[in-house]
Each structure stands twice: as structure tokens, then as C-alpha cells.
Amino acid sequence: MKALITGASSGIGRDMARYLDKLGIDLVLVARRKEKLESLAKELNVNTKIISLDLGKESNVYKLYEKCKEENIDILINNAGFGLFGDFAETDLAVELNMIDVNIKAPHILTKLFLKDFIKKDSGYILNVCSSAGFMAGPKLNTYYATKNYLTKLTMAINEELRQRKSKVVISALCPGPTSTEFNKVAKGTFGIKEVSSEYVAKYGIDKMFQEKMIILPTLSMKLGNFGLRFIPYRLQLIIAYHIQWKKSRQKNN
């Protein structure tokens, strides 16, 4: 088998590559930082190809597919993404539009193109790395939450379409909560609650993908939290989310 991972230079993507290497699955690793990819590739024992591309540029997303469509990809992992803390009226519009390109447009395009190939051969896995944020609105992390809602709900809808056509193709949404990655540094904030290791999230996500789970929640607290949302009014959800994000911003500034 062969897996394509975007955002593979650090965090969950890097640790997914390491775990898939242990499973003997060949890899195509994609990220902007070529030196990070080269360093990671040296650790791995399987056949590994690295591709340095900025998926915030739409043309590069299509370029990536063209580079990989003959690679006989069996697993697509859309992991690239980032966030930005702050009030919507004050955050940088250019950064937010780039976030939409990376978090939404890139996985949308890659999912569409590879899904068509997978359907033709009636096999393949797509794992979209979403977030527990994909089930809520997120004051002070607003655009990020919105992008993860898009990707989560898109994944769920495609999953049902595949089920209805009795396809053997699997698509899953990995929805972790706070995870120890470079997210905080890029988003310019901090988590106010305990983070889970990216190694754990990576292994759990891949294992559950192979078990054909649609929604993958790596921790019990995330499972309970997601279940509890069904009983909490939207306004109260917003107040809770606001104070969580406010604490993150305050901790960063102290």
C-alpha cells in the first residue's frame, strides 16, 4: 500500500508517517518545508517520496494530484491546516483567506480527485484531519472552527454517499481535541486544557480509519463532550467556547 500525507513535516502528519512506516506502507509526504521532510524521510524504512508544495495556492493542489495520480495511492490523508486566534473584526483577512485555501479548498480538491480514482477501483481510504472544533462555532478562533465544520460535514456527507452506493471506499473524519503540535505557535495562542500527544492521535486515527469509522474521536473526554453538545443550547455553547478561547489568549499574553 501507499499513503499520501499533506502537512507531513510536523505534528500529527509527521507521526502518521512514522506509524505508517511501522506498518510497512510506502509514503508520499507533502509540506512546504523541504528540509523537515528530508529529515523525516531519513528516519523511515519504507519507500518515501517527498514533495515540497504550498497548498495555499490552488494551482499547487492540482499540481500535487498530477504528480501523484500515477503513484497508485491507496490512502489519502488531508492533514495540512492551521488556525488564527483573535476577534473576527481584528484578525488579518489575508491570513484568514489563506487558511480557507489550506483548510478547505486543498482537502476539497484532493478528496474530489482521489475519490474518483478510488471509486473506479472500488478501494481506498481517505482520512480528513478535522477537529473537535468541527462540531461547534468558535468565538476568537472563528475562521478555524468554520473551516473544520466544513471539512467534517463534507466528510460525513461523502461517507453516506459511499455507503448508499455500497462502495468499498472508506472516508473518515479524525476530530481530535487539543493536541501537542505546532498549532499554538502558528495560531498565536495556547490551549487552556491538557493536550494529547500527536503520536497517540496519529496512531488512533489510522487504526480507526482501517476499522472504517466515520467520525474518529481519540479521547473519552472528546467523545463525552461531543455527546453532551446535543443537550446544550447554542448560546451556551458559544459562551463556553468564547471563555475557552479567551483563556488561551490571556495565557499567551501573560
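**Entry 1: N103**

I looked up N103 and found it in helix α4 (residues 93–121). Helices here are DSSP runs of H or I with at least four residues, strands are runs of E with at least two, and both are numbered from the N terminus. I note that this is a predicted model: local features need pLDDT of at least 70, side-chain atom pairs count only at pLDDT 80 or more, and totals for chains, interfaces and linings use all residues. Residues are numbered from 1 along each chain as its sequence is written, and side-chain values use heavy atoms, with hydrogens and water left out.

Is N103 buried or exposed? N103 counts as buried because its relative accessibility is 1%. Buried means under 20% relative accessible area, exposed means over 50%, and partly exposed lies in between (1.4 Å probe, protein chains only).

Next I checked what the side chain of N103 reaches. It reaches the backbone oxygen of F82 at 2.9 Å. A polar contact of 3.2 Å also joins the side chains of N103 and T147. A polar contact is a pair of N or O atoms within 3.5 Å; within protein, one must be able to donate a hydrogen and the other to accept it, and residues adjacent in sequence count only if both atoms are side-chain atoms.

**Entry 2: strand β2**

I moved to β2 (residues 26–31). Five of its six residues are buried, so the strand is largely enclosed by the rest of the structure.

Which strands pair with β2? Strand β1 (residues 2–6) pairs with β2 in the parallel sense over five bridges. Strand β3 (residues 48–52) pairs with β2 in the parallel sense, over five bridges. Two strands pair if DSSP finds at least two bridges between them. I found V28 of β2 as the bridge partner of L4. V30 stands opposite I51 in β3.

I then followed the chain. β1, helix α1 (residues 11–22) and β2 make a right-handed β-α-β unit. Right-handed means that, with the strands pointing away from the viewer, the path from the first strand over the helix to the second runs clockwise. β2, helix α2 (residues 34–43) and β3 also make a right-handed unit.

**Entry 3: strand β6**

Five of its five residues are buried, so β6 is largely enclosed by the rest of the structure. V170, S172 and L174 point one way, and I171 and A173 point the other way. In a regular strand the side chains alternate between the two faces of the sheet.

Two bridges join β6 to strand β9 (residues 215–216), and the two run parallel. A173 stands opposite I215 in β9.
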